[in-house]
Amino acid sequence: MSGFDPIVSPTQKPAANLEPRFVHPDQERAAEARMSEYRSRHGRSPNILVVLMDDVGWGDFGCYGGGIAVGAPTPNIDKLARQGLLLTSCYSEPSCTPSRATLLTGRLPMRHGLQRPPMYGDPGGLEGELTLAELLSDAGYATQAVGKWHLGENEASQPQNVGFDDFYGFLSVSDMYTEWRDPYFFPEMVYSAARTDWVRNLPFNKCFVHATRGGALEEVEEVTIPVLSLLDAKWAEYSAGFIRRMAGEDRPWFLYHCTRGAHFDNYPHEDFLGSSPAKHPYKDTIVELDDIVGRLVAVLEETGQLEHTMVLVSSDNGPEMETWPDAAYTPFRCAKGSTWEGGVRVPAIFSWPGMIAPDRASDGLFAFSDILPTALAIAGASERLPSDRFIDGVDQTSMLLAPEGISNRKYHYYWLGQLFSALRVGEYKFMLASISDDDRDVAGGGGFTGVSNKYPYGRLYNLYLDPKETHSYLIRKLAYLEAFQSGARDHLLSFGQYPPKLVVGLNT
Ligand code: CA
């Protein structure tokens, strides 16, 4: 890729409703050749497995420098990384729901409107959005969602009504099932019958559920704390059953497996209680999640589907530090809820033996919004990319499949609700606003606890020299200003033709 530079090289804008992208002709050709060879050899499109963990940090897995060093070995995930591509600059959104909606729609929270998680019956969800599941389903895929949903509890936003053939999981987030049941953390709730009744009557579903396309929810079991500790095991078994069943079918499939762990509060499965060297619930849960990745990959292997399945393992946001020590590890600044790197930089491992070269790592920019256009391209269904709405994701197929593929994304945009926070290009992060108390959050304070700050002149961090974002030195780097300002300006102008949407808002 001689002569290429992420800051100065030009991009192409494929259509008015699409994000500009780099076009690297050599790697595009290499990737296209691989895909057409795959299709002619196998006569069908590959399966896609997304394993999305909850609040797991960039640094938790061994392959990212965590693992045994932080008291929770992750041999299965580390092995998967060795067999594939490990991304060091994959970006989620600052919290669960915005990230998940971005993954499934290819759109930023300012477009899909889910800027924070809906809690305890808040109205609103994915309703009205076109999801990856729907698009893959139209392309002939079987679509299965398992585990955490948290994209709206209202009927029209439930998974079986936004493109999934089947759903087995819960509609919300782990803590909503437990934070009024555990007397250790919540005595004022548990020992008050009035408050317990009051929560019980809030309009959210207390069970984990099952549903099939277009059908009504059936409640499987109420999520008490003992039930909750078994959920990841039950969900893994359900996904394993799906993978086994699909081995006998001609159709390709998309499995969106979202774990309960390791969102606070963690109550490890008894088989994993105390199993980590750290002995803490969060760490035991990481050990279980790693084991689950191993179980799912083993089923792919046993059923002969490993080489026909692109696997992505990732997490939906950075550590939740307000619940420390029930919290992830990141080497970066601040935490979940913020647009500092600690809030939004997440682990991401792609594996597809025979198609994605092993032993690769890339620091190229990769955003959660890129998953939808990339998955559609892998499925041979790029023509289904919506044209009636803005799609923020870029197709990263060639980054994944070309032997030395580099990112096709020029800019990553960071948003805090409706506040445009920052833009990254190359190793530089140009920041106009953030959430922060003060520089103490360098040590990993709580991202939700901070106040929003605006920087009238902007701040500039070099993420290679200063991954903790402590030394703004814009004044020495003004030569780059046009690249930052034009990137931000073009992005903001896109909301003129494609107005933003607000479903669940954030007060910034
Ligand atoms: Ca989360």
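**Close-up 1. Cys 90 is a buried cysteine, with a relative accessible area of 2%.** The model shown here and in every view below is predicted. Cys 96 is likewise buried, and its relative accessible area is 2%. Both residues count as buried because the cut-off is under 20% relative accessible area. The structure holds zero disulfides. Cys 90 therefore has no bonded partner: the cut-off for a disulfide is a pair of cysteine sulfur atoms within 2.5 Å, and the nearest cysteine sulfur to that of Cys 90 belongs to Cys 63, 13 Å away.

**Close-up 2. Phe 264 and Asp 265 are joined by a cis peptide bond.** Omega for this bond is near -15 degrees. Asp 265 sits in a loop. That loop runs between β7 (253-258) and α10 (281-302).

**Close-up 3. The bond from Trp 324 to Pro 325 is a cis peptide bond.** Here omega is about 5 degrees. Look for Pro 325 in the loop between β8 (309-315) and α11 (341-344).

**Close-up 4. His 150 has a positive phi without being a glycine.** The angle is near 60 degrees. His 150 belongs to the loop between β3 (142-147) and β4 (166-169). Is His 150 buried or exposed? His 150 counts as buried, because its relative accessibility is 2%.

**Close-up 5. Glu 469 is not a glycine, yet its phi is positive.** The value is about 55 degrees. Glu 469 lies in the loop that links β15 (451-462) and α14 (481-497). With a relative accessibility of 0%, Glu 469 counts as buried.

**Close-up 6. Four strands form an open sheet in the order β12-β13-β14-β15.** The pairing is antiparallel. In general, strands of a sheet pair through backbone hydrogen bonds. At the edges of this sheet are β12 (411-416) and β15, and each of them pairs on one side only. On average, neighbouring strands are turned by 25 degrees against each other, direction ignored.

**Close-up 7. Strands β13 and β14 make an antiparallel pair.** β13 covers residues 419-425, and β14 covers residues 428-436. Four bridges connect the two strands. Which residue of β14 is the bridge partner of Ala 422? The partner is Met 431.

**Close-up 8. Helix α14 lies across the strands β12, β13, β14 and β15.** The helix runs at about 60 degrees to β12.

Conventions. Residues numbered from 1 in each chain as written. Predicted model: local features only at pLDDT ≥ 70, side-chain atom pairs only at ≥ 80, totals over all residues. Heavy atoms only, no water. Buried < 20%, exposed > 50% of the residue type's maximum accessible area, 1.4 Å probe, protein only. Pairing = 2+ DSSP bridges. Axes fitted to C-alpha atoms, helices over the stretch in contact; angles between N-to-C directions. Contact = heavy atoms within 4.5 Å.
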